[in-house]
Amino acid sequence: MSGLDGVTLHLVDSMDEVLKLRSWLGERRPQHALGFDTETTGLEFTDTVRLAQIGDGMTGWAIPWDRWGGVFEDVVARWDGLWLAHNMKFDVGKLDNEDVFMPRPRVHDTRIMTQVLDPHYSTALKNVAARLVDAAAANAQALLNTSLTDGSGESGWTWKTVPITYGPYWTYGALDPVLTYRIWEILWPQVDATCREAFEIENAVTWITERMERRGVHINTAFAREKYDAFTAYVTESAQWVKDTYGVTAGSNAAIVQVLQEAGFAFDKATASGAVALDKEVLGAIDHPLAQTILQRRRLQKLASTYLKHFVEEVDAHDLIHPSINVLGARTSRMSMERPNLQNLPRKSNSNPAADAIRECADTRYGETGTMLMCDFDQIEMRGLAYMANEQPMIDAFHSPNDFFVELAKLVYDDDLIVKTDPRRQVVKNAGYATIYGAGVEKFALTAGIDIDTAHRVRRRWNELFPGVAKFQNDVIAVALQRRETEGAPYVRCPLTRRRQVADAGKEYALVNYLIQGWAAAVFKKKLIEADDAGLGEWMCVPVHDEIVLDVPNEHVTEAAHTLVKVMNDDRIAGPVPITASVSYGRTWGSKEAWVEHHGE
DNA sequence: GTCGCTTGCCAC
DNA sequence: AAACGTGGCAAGCGAC
């Protein structure tokens, strides 16, 4: 059968339709699953359900919420099979708000299925449906969606105002669970056969992050406001000073460059498109009050507008901020976070002491009776590299009680006296990460702050010491290129994605990084599930790639930290490479106090 | 006024 | 032969 021929759509607007729906439901077998979806007044947290839809591959039902919501609730109570949704976190959350609770363990997300099979494709329902089910129907539906989103249709209606009885609205609504069901029919056999564990991990992590989103992160709003006001005042006053003194706009790079050129400074760094670069590195090297003022203004503006502004303006009545966590954020299986992104809060730094305030804004919601716990893996990606390359000297270094990069530096420089403060340790660390990212010698030299000749020597020595790493890199690329011949595109198989393709032809070197990053993301997600199973789910707030942040009442801190240590340290998950993690704690996320386990307490 | 592009910068 | 991966976000600016 082609496309959607023969599909029947119903609007449940009478007792007669309700009876038809009940009779239809009675004929469903639990193994057949049901698709569901909601239409809401919008995408904001405060927006509510207007229509709830259910369906299978041939029949879709649109249920107006205000009048017939109880019918949907009744179906949820009766159905004991699988529920399918595309982007389930959104719909289940909206239904939660209406006091209708979907049975989470029985809800499977078709968006996750597309992602684990091939993250190269768009996961948006309309695109997946157009690709797998019926292009014309999906595109017509997308057109309506756009007109409702921006009110651009002839009617001027929006998601909030469109009459439920408007034909295109309810029919396309009723079609969504049908499309979801069809997608499931096509994708589930592939997922089941090739990447079922990946699907189960992503589906489980989705519910864990949904809980984190609801729980939120507490903000010390008085402190955040004080810093925001102070930084913003500097931003405004310095801009005025720049205008008064030099007659230019502080935010206009071209104008600033011109003033500095007239003052005798030369510029040789270019941007991607060939303009004169004026980044912090360039500014830092210019000994001129204008350059230094612009630099400091940029620093404080970044802190005020990217972080503090959200902290001040977007907290709820309990001073909690609720970012949105995207489990399928990166095509390497990493998660991403937005509004705001708490994965890129500045760390403590000597060059920008003002930045310390940002992590100090995120504090425990329990005041004097709570503690923030931060637990992060130690060099997780380097361990992944050692594991996948099976590189014995690296594995040995990970078993040493000493610092990993000190041990590596001793090998590279053939000097047993190297200590942690030796600058050669940093060079070797940079060499390691340059390998993971696929950097050339030139970029490696630049980031390590060494000359090209030294970089060449270090890299030569590195390859000599770790031949397994080079072999691993070459093998990954060779296999990928072979796949290009036989399957049309070069790709790697990661633990949570069946095919991770290169973004651009000629960038095959990046596949090594995809593999390592994808492996690390899988380890992290498995540990989130273990931590949740061990009872830590109620305290967890933020996942940061290799770190979990928790907000714990003091009476549970000792046990929570102990559980974290037990879950996150693992000498089995990476073969001969031990995975270790460190816990720190304090009143705020910025606290650095190391947690030491006291046995026998 | 909005949109898309560019530039810059924060994290892991 | 060539070569730093994954994200989110804000501000300036020209184009519509």
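Helix 12 bends by about 40 degrees at Tyr307. Keep in mind that this is a predicted model. Even with that bend at Tyr307, the length of helix 12 works out: at 1.5 Å a residue, its 25 residues should span 36 Å, and the end C-alpha atoms sit 33 Å apart, which agrees.

Helix 12 (residues 289-313) also gives the most to the surface near DNA strand B, with three residues.

| Residue | Atom of DNA strand B | Distance |
|---|---|---|
| Ser273 | phosphate oxygen | 2.4 Å |
| Arg298 | phosphate oxygen | 3.2 Å |
| Lys302 | base oxygen | 2.9 Å |

Now for the rings: the structure holds 17 aromatic pairs. One of them is Trp241 with Tyr246, an edge-to-face pair at 5.6 Å centre to centre and 80 degrees between the planes. Trp241 is partly exposed, at 34% relative accessible area, and Tyr246 is partly exposed too, at 26%.

Tyr387 and Trp519 have ring centres 5.9 Å apart and planes at 45 degrees, so this pair is tilted. Tyr387 belongs to helix 14 and Trp519 to helix 21, so the pair ties together parts 132 residues apart in sequence. Tyr387 is partly exposed at 31% relative accessibility, whereas Trp519 is buried at 8%.

Finally, Phe398, Phe404, Phe405, Tyr433 and Tyr437 form one aromatic cluster.

Note on methods
Residues are numbered from 1 along each chain as its sequence is written. Chains are lettered from A and ligands numbered from 1 in the order in which they are written. This is a predicted model: local features need pLDDT of at least 70, side-chain atom pairs count only at pLDDT 80 or more; totals for chains, interfaces and linings use all residues. Side-chain values use heavy atoms; hydrogens and water are left out. A polar contact is a pair of N or O atoms within 3.5 Å; within protein, one must be able to donate a hydrogen and the other to accept it, and residues adjacent in sequence count only if both atoms are side-chain atoms. Helices (H or I, at least four residues) and strands (E, at least two) are DSSP runs, numbered from the N terminus. The expected span of a helix is 1.5 Å times one less than its number of residues. The bend at a residue is the angle between axes fitted to the seven residues ending there and the seven starting there. Rings of Phe, Tyr and Trp (its six-membered ring) pair if their centres lie within 6.5 Å; planes under 30 degrees apart count as stacked, over 60 as edge-to-face and the rest as tilted. Buried means under 20% relative accessible area, exposed over 50%, partly exposed in between (1.4 Å probe, protein chains only).
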